[in-house]
Amino acid sequence: MNRHLILLAGALASAAGLVSCAVNDKGIANDALQLTFSEPASTWEECVPLGNGRLGAMPDGAPGRETIVLNEESMWSGSEWDPANPEALEWLPAIREKLREGDNAAAQALTFQHFTCSGRGGENPRYGCYQTLGRLIIEYGGDAAADDTYSRRLSLRDAVATTTGASLLREYFVSMADDVIVVHLVSNGAPLDFEISLERPQDAGFNREGTSVTMQGTLQSGEPGKNGVSYYCEARRISISDNEALILLGAATDYLAVRDGKASDLSQVIERVQKNLDDASSLGYEELRARHIAEHRKYFDRVSVQLGDAPAPDSAALYLQYGRYLFIASSARAVLPPNLQGIWADGVYTPWNGDYHMNINVQMNHWPMEPGNLSDLCGPFTSYIEDIVPSGERTARDFYGTGGWTAHVLANAWRFTAPAENPSWGSSFTGGAWAALQLWEHYQFTLDEGYLERIYPILKGAAEFLVSNLFVFNDEGWLVTGPSTSPENRYRTAGGRICSICAGPVMDTQICREIFAAVSKAAEVLGVDEEFALRLEDAAGKLPPMQISPAGYLQEWLEDYEEVEPEHRHVSHLFGLYPGTSLNTDELKAAARETLRRRGDAGTGWSRAWKINFWARLGDGNHAYKLFKSLLEPVRSSSDGFVSYSGSGAGTFPNLFCAHPPFQIDGNFGGSAGIMEMLLQSHEVRPDGTRVISVLPAIPDEWQDGSFSGLRARGGITVACRWRHGRIVRLKIDNPFNVPIEVVRNK
Ligand code: FUC
């Protein structure tokens, strides 16, 4: 067998292990909510993730020299800078004129030349990069080889990982209650013998004092003479008896002080970390563990799901719950929202800087939050968006000469909102409005008016920016965005030129329509801004119509251009199908179906995850399930790259992390949300305001039997359902606000 096949066989074996572990004769019982492995992790993507939102840890379970990859959510290099480019605003009218004339190639040339930020974007050292904190190394003495009794496990319900074998029992968790990383070691043979150390390839100084090891340093700010974020990390070794020991690790940074321009004092950070460690060590292991599990279960136990009775269907329940698990573990105590790798990065230079891409990724990271009954974890994303709005206002003013706020594609911990780098992808400016719509979802699910009041300025500012930037495109008076792109896709002009820049990409039009509608509705609920709402309604009436190509698909652009890559990973023009709601007629849904057929079922990890949601919204459970299986395609990383059946490397790593590739967490979240969307939908509202609660709208033939409870629907509603032989036998709808609803039982 050549190396490629050996690796592939290994990947399949692990994936099979994951699936079977989730099943017992009662379906997915709580004790089945785990990932199990019979060997130590040989790659990072086999390590299980633990986290409390702020701190992340991934132990490899190695017998002799164990490595635990560490993360702290605010390990960001770089610093804030003003990326204004005075040329941009000067050239904007000329670029728009070229777009109006239909000379997109000329508009593109001008945009590339003049309409991008100063100092580039993600390539600027000041843009920075999310970085791993480092590694905790545990070296075990004695005979440490993995034996027959070896196994590794992650319990999703406990948020505790375990390694057994070689006479050593190891447990690991990142305490949700006490904010430290905990490793517990028990030897049932010879007395414990181990050493701990910390590692980091750069910007780190190390110290060892008694039973503690420490690491501290300052990340590069990217600006000469200016300090970046400083961090402190300490690991303590606590001996309980000859056979039992504890390792406690704490870490923090001064990110907030640096970001907010306040005096930063690392000694305060150190004090905080040491207080956490003191408090945790005074508790004792059993109590630490019990407090952690109780805090985690407060979130995790709200939803239970069982799907079908064969191993493969149950992998969908496991995937759904794993998405919820990752969301809790990357949000609970967080200040920042999960980035492209959540809080589980293994490098100083993370892919795409580990930032917040705004043209699908950061929004997808939040899709499972509301339906998955984790609404109360909306804090990090809400405050992140609040924090970037002033920068987005400057971007609106400096680049477009308008009010409101906007964010383009790249966003980071330093409030970057400008059009970045290459306008072929960087010039899309609906990222901010899309993010605002995700916040609006929180209101729709919870009906929390206090929250709506808080986010109303964000919604309004996003709409204000767009409505002020629409320009009249043709004699019919269509109002369009531009210069813009249909995220990361390209088309051929009539003259055969390959272009990306255009006016009025369909996704932008849909986002305008949906943010305008959201703001009108929000203004009505809050009893404010009647006139502004009328202005938005008027503009919405002038947006271009959705156009269906003679070939039956929904057009991605105003013209029916030939696509350069018909199977492109982004399916931006179906924004209005999911997460949006404006593609809501039978005709548009039929066109969306044809669009999806042409796009195909492959793509990057997150692209497959998005397609599960699309097919669920189209009510096609079998196709949604096909996409889920394609998302689950086993992938293994090796020195040869990412190995998978289809050769694309996209799918799922042995630890169930989504493979873009490389690991990108958006696909986990999008896939988890997709399975929920197959079980329950609540986006439709009848003209009289009645909300449609659609139960089992898109389940595959394989899920003849199943149940779920705790899934949330818009309107503050919680639903539980059981079905047997393809028929609903129990349905419980908890509607505490007595929202007018129409329940559609699809089975
Ligand atoms: C978007 C996608 C890429 C990748 C990157 C982080 O730009 O088009 O596929 O996911 O974000």
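Me: A residue is near a molecule or strand if one of its heavy atoms lies within 4 Å of it. Which residues are around the ligand?

Reply: This is a predicted model, in which local features need pLDDT of at least 70 and side-chain atom pairs count only at pLDDT 80 or more, while totals for chains, interfaces and linings use all residues. Residues are numbered from 1 along each chain as its sequence is written, and side-chain values use heavy atoms, with hydrogens and water left out. The residues around the ligand are Leu-340, Trp-352, His-357, Asn-359, Asn-361, Glu-488, Arg-569, His-570, Trp-606, His-660 and Gln-664.

Me: How do the residues of the shell around the ligand divide into nonpolar, polar and charged?

Reply: Ala, Val, Leu, Ile, Met, Phe, Trp, Tyr, Cys and Pro count as nonpolar, Asp, Glu, Lys and Arg as charged, and the others, Gly among them, as polar. By this scheme the shell consists of 3 nonpolar, 6 polar and 2 charged residues.

Me: What percentage of the ligand's accessible area does the protein cover?

Reply: Polar contacts (pairs of N or O atoms within 3.5 Å; within protein, one must be able to donate a hydrogen and the other to accept it, and residues adjacent in sequence count only if both atoms are side-chain atoms) give a first view of the site. Polar side-chain atoms lie 2.6 Å from a ligand oxygen atom for His-570, 2.9 Å for Trp-606 and 2.7 Å for His-660. Of the 290 Å² of accessible area that the ligand has on its own (Shrake-Rupley method, 1.4 Å probe; for residues, only the protein chains shown count as cover), the protein covers 98%.

Me: How many residues of helix H3 are buried?

Reply: Helices (H or I, at least four residues) and strands (E, at least two) are DSSP runs, numbered from the N terminus. Buried means under 20% relative accessible area, exposed over 50%, and partly exposed in between, with a 1.4 Å probe and protein chains only. The buried residues of H3 include Asn-104, Ala-107, Leu-110 and His-114. H3 spans residues 104–114 and is mostly covered, its buried residues numbering 8 of 11.

Me: Which helices and strands are included in what covers the buried residues of H3?

Reply: The buried residues in question include Ala-105, Ala-106, Gln-108 and Thr-111. Contact here means heavy atoms within 4.5 Å. The cover includes helix H2 (86–101), helix H10 (423–426), strand S18 (491–492) and strand S19 (498–499).

Me: Which residue in S20 is the bridge partner of Arg-492?

Reply: S18 and S20 pair in the antiparallel sense over 2 bridges. The partner of Arg-492 in S20 is Glu-562.

Me: Which residue takes a positive phi in the hairpin of S27 and S28?

Reply: S27 (residues 706–713) and S28 (residues 717–724) are antiparallel partners over 6 bridges, with Arg-712 bridged to Thr-718 in S28. There are 3 residues between the strands, and the residue with a positive phi near 95° is Gly-715.

Me: Which residue takes a positive phi in the hairpin of S28 and S29?

Reply: S28 continues the antiparallel pairing with S29 (residues 727–734) over 7 bridges, and Val-719 has Ile-733 as its bridge partner in S29. With 2 residues between the strands, the one that takes a positive phi near 45° is His-725.

Me: Which backbone oxygen does the side chain of Gln-510 reach?

Reply: Gln-510 lies in helix H13 (residues 506–526) and is buried, with a relative accessible area of 1%. Not counting residues up to four places away in sequence, Gln-510 touches residues including Met-546, Ser-572 and Leu-583. At 2.8 Å, the side chain of Gln-510 reaches the backbone oxygen of His-573.

Me: Which side chain is joined to that of Arg-617 by a polar contact of 3.2 Å?

Reply: Arg-617 lies in helix H16 (residues 605–617) and counts as buried at 6% relative accessibility. Beyond its neighbours within four places in sequence, Arg-617 is in contact with residues including Tyr-578, Glu-677 and Arg-714. The side chain joined to that of Arg-617 by the polar contact is that of His-683.

Notes
Two strands pair if DSSP finds at least two bridges between them.
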